[in-house]
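Visitor: Hi, I'm new to this one. Could you walk me through what I'm looking at?
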Amino acid sequence: MLAFAIRRMFQSIIVLLVVGLVAFSMFNFVGDPVDSMLGQERTDADVERVRIQLGLDQPFPVQYYKFLQGAVKGNFGISYRQGRPVSQIIAERLPATLELAFVSAVLAIIFGVALGIFTAIRRNGWAANTIMSLSLIGVSLPTFLIGILLIYIFAVELGWLSSFGRGDVVDLGWWRTGFLTKSGLLAIILPAITLGLYQMTLIMRIVRAEMLEVLRTDYIKFARARGLSKRAVNFGHALKNTMVPVITVTGMQIGSIIAFAIITETVFQWPGVGLLFINAIRFVDIPIMAAYLMLISVMFVSINLIVDLLYFAIDPRLRLDKTKG
Amino acid sequence: MFNKIHDNIFRALNSDFLYSFKHSPVAIVSFIVALTLVLGAVLAPFYAPHNPFDPATLNLMNGFSAPMKPNEFTGETFLLGTDDQGRDVFSTILYGMRISLFVGFAAVTFAMVLGVSLGLIAGYVGGWLDALIMRIADVQLTFPGILVAMLIFGIAKGFTPIDQRDQMAIWVLIIAIGLSEWVQFARVVRGATLVEKNKEYVQAARLNGRRSGGILIGHILPNVLGSVLVIATISLALAIIAEATLSFLGVGAPPTKPSLGTLIRIGQGYLFSGEWWILLFPAVTLLALALSVNLLGDWLRDALNPKLK
Amino acid sequence: MRLKTLTRIALASTIVLSMGIGMANAQTLNWARAGDSITLDPHAQNEGPTTALQHQISEALIVRDMTGKAVPALATEWGPSESDPNVWSFKLREGVKFHDGAEFDSEDVVFSFNRAMSEESNFKELLASVKEVRANGKYGFEIVTDGPNPLMASNLTNLFIMDKDWAEANGATKVQDVEGGEDTFASRNANGTGPYILVSREPDAKTVLRINENYWGIDEFPMEIKEIVYTPIQNQATRVAALLSGDVDFIQDVPVQDLARVGETDGLKVITAPQNRVIFFGMNQGDADLETDNVDGKNPFADLRVRQAVNMAINREAIKKIVMRDQSVPAGMISPPFVNGWTAELDAVPENNVEKAQGLMNDAGYGDGFSIRLNCPNDRYINDEAICQAAVGMLAKIGINVQLEALPKAQHFPLIGGLKTDFYMLGWGVPTYDSEYIFNFLVHTKGEKYGSWNGVRFSDPELDMKIQGLASETDLDKRNQTIADIWAVVQKEQLYIPIHHQVLNWGMSDKVDTIVSPEDTPMFKYFKLGS
């Protein structure tokens, strides 16, 4: 077990280094930060001076080495655009994205599981079939379009919900939350639906498929034969057995949610790290881009590692297999 | 004519499959819609009223014509109206769909070739190579496609000469979307290979000193064909949506040769101003295309996995 | 620990509730535009949204009011000294206080000017001719130039004054240096003399300002807005939606296609005015051969007839009608109408004549056309990408096959500065309201100090001498004659292809009463609020 864990962690670090290299090399191509930093009145001498200041005149490996050196200490340098430490900016923005991701995930799980059970139990009913077909519409339209349509209907035409931003936030010192104000809660509804729709469909389909599978097993047939009520069978036995794959998939989808938050945050002007990243691309703010990519790589790789270790702990068959190879 | 095509395709498949298709109205409708759209796009140069990709034929004054209403300056009438550049929306959708479909099919083909080969190698060779491939697959699975695409786009731009960037954008889309979809194929094929590898006929071939790789491929591929087909169909829908999303973020098809996604990006700017046709028609086309492909994939999965029926 | 957190939350929510009541106040203005201010350091960035926010918090000696006229702010009188034409003297306003209560005097002005002239400053080019600045008593200030500079005053309208003691106490004496990093207090905090005080700021998310009750001009200006909440919203559709749904009261950049919708919505209105910015194309006419065309060994743009053909092929009227929805003024010269040197004759819209253009192409030996790449920004000017696309269609009609490359501004502008494009779009604003500014950057041969935006590779040493001479020419009639001479060359040589002057569209709630500033800089102290 220990050997396996150590080996997997070692692999993860290599993955991070590679991702870091790829990410960092990308920045040499997204544009020249100097021009977006200097205004209309800049002279060519200014351009040269700032390039040297930023260390952009140094060869690429040197730049990457310097970046890694800082990254290990959690120091990603100073944002070119805001002139503040990147770690500080990200720490400020992360709560917005995490709150959005959290609400989307909760919505996706609640509705996904509920609809999944419903469509499995009423397998051939018209309502279930309609839901199944409708759910495909959700995944057949691009996220940005759904977001804009939701704004158009609920903010502009009906005027029920706010069209952008987080509303009023409360600063708890270490976390700025939108959960404690009315406007904050109203503001999160549309972006959370937009972001969670795809995951909801996915969870619904997995729950349905798993339920159908489980409902066919002898174990359920036996439970029915014992005379347990339909309700008890469906919820007490069948559902319980479908939860493992649902939890796994949801875990794996956290990465997706954070990444797709880029689009949702752009459409709703949600002040999270996704919007920060898109803005960084526009202004060629290399330290921010690098830090963001490293942050989500760490997040993805850790999720992967945890899932793997959990499997390893749960399933003894894997233990034999893996240690051999 | 359609019946004949159906027959030719399905004679090769077993009759259960055909039976299931004939008794699924959803599958039939989806198939017809998807086929119509694909043929409509492929044959567009033969019947589309305009070629929107030829700038010399455009007249800017035709811009923003409403569907079926004569333009106030030029008097020309367009079936589905025109966009901001005076392009006929109907023709632009057809030509745009060609790009979307080309990107979709090419990306899925790329993902399939990559995934199936890597899956075979991983399963057959095993050992550290297997570990390496599957580790990459794990990481790939958690790393979302749009991020991969943006990374590749950033890198590719640095290496492409300036006058080839238009074409580059299309290939980058294909590679990026392909790279984010190959894992599913690889996993299925690897699993099947592991099962097959230890069967007697392969062992026998090995003992006789014959190269067993060819035999393996011959036996495994038919077994995984169904799963690969299902994954490919669903991937196609995902690829079309991914193309649209990337175009929205500005890392997609160029505006002078718009894909469906680029058209929707252009059209969403006119949602509030009353020029609804620029957004609505491409969006409905995209929806019809992705939905029908998704429904087909859904049906395929059920049909090929009778356990769930 | 847990209890502590709970109390904190409870406390915080009470604050929010009380804030909520304050926010409902009708005197709050919710202001949005596409981009945020980049920094609060007043000398680090010379860029529209950055100076627009700074103008609410800080002041310059002289500012432009909502009509674009230079009016007194921290200086009450100014002019070239009678004894020495190389010295400008200013009389400073007395009794002005910074937001932290410190008194304003000549010491702060000298400090701020020296800061603005330091190497990291983004404003030093505007003060390039300044040799020395010095105090003349507590409320007097003098600028010594290295030659007479008749237009000194118009260079100063974005040059904000900081409090010397505040800057020293907070380690902000140097202009924000991006690489240095530690010294960034001034980029996050502001202490000006202006009508509004910074309350809080989250870059790219939200900035809150409240009225400065001790402002020197509190009785002189309307000052009806008591609180300003500023939010950047990049996505066009979202920005318009925010205005339509009443989430914001004032947006500075209504997309042209949404003007009608906003104007027709109850409780909203749109006001428009010509902006101090002209949009044009540049063509590399200086190099012997081009990288981005398909003609070997020759440069088609080096031929004046080709440049004239391009000029003639562009249908400015169609661009105005369709792409800009009548929200532009077609242009014949690359100077906005506000600028000294602009004339209606020079700005007359060039003829659009495809046959004649084709004839010129034939004469030049390019009857069969050629292909060329056009570089265009896609997030800088109003409908920039759509204009370029329209130009692609128009040039195709005279056989020029254009490949359009539309890029975000961060990638587009380096191509011009680095001479990596042969055909490009650029927009130009003239904050000094004088042609010299245009010539310095766009016409003079590219070099260390001049011509940094001359991407057309035009070079004429004789013209360069004339341009350099403008700075110290005190005889205004003679100076204006030189300006006219230079414009004649620019027009004759078809240095650039002017497209149009941009028009500003401000969308706002009915209750807001203002005019549009040609600088696109709202000065909220002038705004009135109806009921």
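Predicted model: local features only at pLDDT ≥ 70, side-chain atom pairs only at ≥ 80, totals over all residues.

Visitor: Okay. Where can I see that kind of packing, say around helix H3 of chain C? What do its buried residues pack against?
Guide: The buried residues of H3(C) pack against strand E5 (87-92), strand E6 (130-135), strand E7 (140-145) and helix H4 (164-169) of chain C.

Visitor: And which residues of that helix are buried?
Guide: H3 covers residues 106-116 of chain C, and the buried ones are C:Asp108, C:Val109, C:Phe111, C:Ser112, C:Phe113, C:Arg115 and C:Ala116. C:Ala116 also turns up in a nonpolar core of 32 residues, which includes C:Ile143, C:Met162 and C:Trp216 as well.

Visitor: Tell me about the largest one, then. How many residues does it have?
Guide: The largest nonpolar core has 277 residues. Those with the most contacts inside it are A:Tyr292, B:Ala149, B:Ala176 and B:Phe185. Its largest share comes from helix H5 (residues 89-125) of chain B, with 18 residues. The core also draws at least three residues from each of domain 1 and domain 2 of chain C.

Visitor: What does A:Tyr292 touch?
Guide: Leaving out residues up to four places away in sequence, A:Tyr292 touches A:Val273, A:Leu276, A:Phe277 and A:Ala280.

Visitor: You mentioned domains in chain C. Where do they run?
Guide: Domain 1 is 2-249 + 511-529, and domain 2 is 275-503, according to the domain assignment of chain C. Taken over C-alpha atoms, their centres are separated by 34 Å.

Visitor: How many residues are in contact between them?
Guide: On the domain 1 side there are 14 residues, in contact with 11 residues of domain 2 of chain C. By class, the domain 1 side has five nonpolar, seven polar and two charged residues.

Visitor: Let's switch to chain A. How many helices and strands does it have?
Guide: Chain A has 13 helices and two strands. Of its 325 residues, 46% are buried. If you take contacts in chain A between residues at least 6 apart in sequence, 70% join residues at least 24 apart.

Visitor: What about chain B, how many helices and strands there?
Guide: Chain B has 13 helices and zero strands. As for burial, 51% of the 309 residues of chain B count as buried. Residues 24 or more positions apart make up 68% of its contacts with a separation of 6 or more.

Visitor: Back in chain A, what can you tell me about helix H5?
Guide: H5 of chain A takes in residues 86-121, which is 36 residues. From first C-alpha to last, H5(A) reaches 51 Å, close to the 52 Å expected at 1.5 Å a residue.

Visitor: Where does H5(A) bend?
Guide: At A:Arg93, by about 30°. A proline, A:Pro95, follows within four residues.

Visitor: What about C:Asp326, buried or exposed?
Guide: C:Asp326 counts as exposed, because it has 12 C-beta neighbours inside 10 Å. Its place is in the loop between helix H9 (316-323) and strand E13 (328-330) of chain C. Phi of C:Asp326 is near 70°, a positive value in a residue other than glycine.

Visitor: And what is the phi of C:Leu419?
Guide: C:Leu419 has a positive phi of about 55°, although it is not a glycine. You'll find C:Leu419 in the loop between helix H12 (409-417) and strand E16 (423-428) of chain C. With 15 other C-beta atoms within 10 Å, C:Leu419 is partly exposed.

Visitor: One more: what is C:Thr76 in contact with?
Guide: Leaving aside neighbours within four places in sequence, C:Thr76 is in contact with C:Lys91 and C:Arg93. C:Thr76 is found in strand E4 (residues 75-80) of chain C. The C-alpha atoms of C:Thr76 and C:Lys91 are separated by 5.7 Å, with the two residues 15 apart along the chain.

Terms used: Residues numbered from 1 in each chain as written. Chains lettered and ligands numbered in written order. Buried ≥ 20, exposed ≤ 12 C-beta atoms within 10 Å, placed from the backbone. Contact = placed C-beta atoms within 7 Å. Expected span 1.5 Å × (residues − 1). Bend = angle between axes of the 7 residues up to and from the residue. Core = buried A, V, L, I, M, F, W, Y, C linked by C-beta atoms within 7 Å. Domains from an automatic or database assignment. Nonpolar A, V, L, I, M, F, W, Y, C, P; charged D, E, K, R; others polar.
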